[in-house]
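Please look through the sequence and the structure shown below, and keep both at hand while reading the short report that follows.

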Amino acid sequence: VMARRLSERTVEGTISTLIEKHLSCEELIKRVASKGGTTEAALAILDGGGTLEEAVKAALDRARLLSKE
């Protein structure tokens, strides 16, 4: 129940930001995805046709790597 509520609120917040700031999805992604970060790692998987599960794993792997630096 909590995970569903959090994901719904995240989507609602994203849509509100897109509307209020007059942004395209691509522009919002550019603003939130740090170069070499976890979001960028996940998006690369999704852009390549990977699954959400694979994208989350890529983000987790990247986070682990970054925590060692």
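## A salt bridge between Arg 9 and Glu 12

In this structure, Arg 9 and Glu 12 form a salt bridge, in which the closest N and O atoms are 3.7 Å apart. The model is a predicted one, and the distance counts as a salt bridge because the nitrogen has to lie within 4 Å of a carboxyl oxygen. The two residues are three residues apart in helix α1, so about one helical turn separates them. Arg 9 counts as exposed, with a relative accessibility of 59%, whereas Glu 12 is partly exposed, its relative accessible area being 47%.

## Arg 4 and Glu 8

The structure holds four salt bridges, and another of them joins the side chains of Arg 4 and Glu 8, with 2.9 Å from N to O. Arg 4 and Glu 8 are four residues apart in helix α1, which again places about one helical turn between them. Arg 4 is exposed at 60% relative accessibility, while Glu 8, with a relative accessible area of 38%, is partly exposed.

Helix α4, which covers residues 52-68, contains both Asp 61 and Lys 57, four residues apart or about one turn of the helix. Their side chains meet in a salt bridge of 2.8 Å, N to O, and Asp 61 counts as partly exposed at 33% relative accessibility.

## A nonpolar patch

Val 11, Ile 15 and Ile 19 make a nonpolar surface patch of about 280 Å². Ile 15 is found in helix α1, which spans residues 2-21, and with 44% relative accessibility Ile 15 counts as partly exposed.

Notes. Residues numbered from 1 in each chain as written. Predicted model: local features only at pLDDT ≥ 70, side-chain atom pairs only at ≥ 80, totals over all residues. Heavy atoms only, no water. Patch = residues over 30% accessible without salt bridge, like charges linked within 9 Å, V, L, I, M, F, W, Y side chains within 5 Å. Areas by Shrake-Rupley, 256 points an atom, 1.4 Å probe, with all protein chains shown as cover. Buried < 20%, exposed > 50% of the residue type's maximum accessible area, 1.4 Å probe, protein only.
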